[in-house]
Amino acid sequence: MSAAWAITVSPLAGLVADIVAQTLCAHLVRRTGLSIATGGVAGLLGTIVVLAGVAAHGRDGFEWAGAVMSVLTYFAFAFGYWTFLNLNITSLRIRILREILRGGESGISRDGLMKRYSAQEFLRRRLERLEAGGTLTHEAGIWRLDSSTLLMLARSLAFARAVIVPSQRDE
Amino acid sequence: MGGLISGVLLLACSFVAQLVVWRVRLPRRHTHALLALFAGVPLIVAGVAWAAGHAVASSAAEAARIVLFYGAYSLSYIVIYSAIENESPTLAIVSHVARAGPDGSSDAELETQFGRGTAMAARFAVLERGGWIRTEGDRIVLTTEGRTYARFFDGAARVFGLTLGG
C-alpha cells in the first residue's frame, strides 16, 4: 500500500480500534463511560500508529496535511460513534422502539408503557445521570449546577437552533 | 492542504444549502432531507466544476480522503441535528437548574417542571409522524421501517454492551 493510501485509511483503522476496544471494555469491565473513553483513546492511538508507521518507514509522499486531515476525520468518526452509543443510552425514542420490539408482532399497550416509564421515572433517570456525571449536585433536596460543560452545550445548541430551524426562531 | 480546504468548503456548501432549503420549505422528515442534501450537494458541486472546465487535480487517495472527511463530518452533523431540532430533556433540566442560580432548584420544582410532562406522548407523536410506529386501538405496533430500526438498535446494544436506556 502506498503512503498516500495508508494515510487515507488511517482514520478507518482508528475507528475499528475504537469499536473493538469499546466493545471489549464494555463486556469485560461493564462500565459504559469507561468503555467509551477507552475506545476513543484506542482509536486515536490506532490512527496515530498508522500515520507514524508511514512516516517512520520514510516512504516518499508522506504528507503532513493529509495526516492532519486523517486525524480530524478520525475525530469525526469517534464523535459519530460516541453519539451513536449515547443515543442507545439516553434516547427515549429508541427506548420506546426497543420496548415495542420486545412486545412482539402485536406490539404493546400504550397505557402499559406509560406506566412502566412514567414522567417521574423519566426525571429520576436523568437526574441520576447528571449527578453521576458531576453536572449537578444534590444536597438537602436542592439541585445545583456543579459543572457548566453541559450548560455551554445547551446554549450552543440553542444558538444553532435559532440559526438553523426557522420555525423555532419565529416562535 | 488542498484536500482539507475542499472538504471544509463542501461542508460549508451543504450547510448553506440546508439553510436555504429550510427557509424555503421546512421538510417533513428532517433526517431524510439532510441525508439527501448532504449526499447531493457534492455531486452538484462536482458537476458544476466539471461543466465549468475545472480539472480535478486530486489523486485517487486524496479524493478518497476528502470523501471520508466530508462523509464523517456530514454524518456527525446529521446525528447531532436531532439535538438541534428539539431540545434534549437532559439539557433542559441543566438549563433550568442554571437559571435558578446559587439558590438551586428543589426536588419539588423539578418535579413540577419535568416530572408531570408529556415526554412519552411527545415521543410517540414524533415516532408516528416519522412512520416508525402506528396505533392500533390501545396498542402501539412497529411499522416495517420502525421494526428494522428497533432491531438494529437492539442488536447494537447487545453487541456494544449497552443497557436499556431512555
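**A tour from helix α2 of chain B**

Begin by selecting helix α2 of chain B, whose buried residues pack against α1 (2–24) and α3 (60–85) of chain B. Helices here are DSSP runs of H or I with at least four residues, strands are runs of E with at least two, and both are numbered from the N terminus. The model is predicted: local features need pLDDT of at least 70, side-chain atom pairs count only at pLDDT 80 or more, and totals for chains, interfaces and linings use all residues. Residues are numbered from 1 along each chain as its sequence is written, and chains are lettered from A in the order in which they are written.

Within α2(B), highlight B:Leu34, B:Phe38, B:Val41 and B:Pro42, the buried residues of this helix; buried means that 20 or more other C-beta atoms, placed from the backbone, lie within 10 Å of the residue's own. The helix covers residues 30–51, and its 22 residues reach 31 Å from first to last C-alpha, close to the 32 Å expected at 1.5 Å a residue (1.5 Å times one less than the number of residues). Just after the helix, select B:Gly53, which has a positive phi of about 85 degrees.

Next, display both chains: 70 residues of chain A are in contact with 69 residues of chain B (C-beta atoms, placed from the backbone, within 7 Å). Helix α3 (residues 64–90) of chain A supplies the largest share of chain A's side, 16 residues.

Finally, select strand β1 (residues 108–109) of chain A and strand β3 (residues 139–142) of chain B, which pair in the antiparallel sense over 2 bridges; pairing requires at least two DSSP bridges. Here A:Ser109 stands opposite B:Arg139.

Technical notes:
Contact = placed C-beta atoms within 7 Å. Buried ≥ 20, exposed ≤ 12 C-beta atoms within 10 Å, placed from the backbone.
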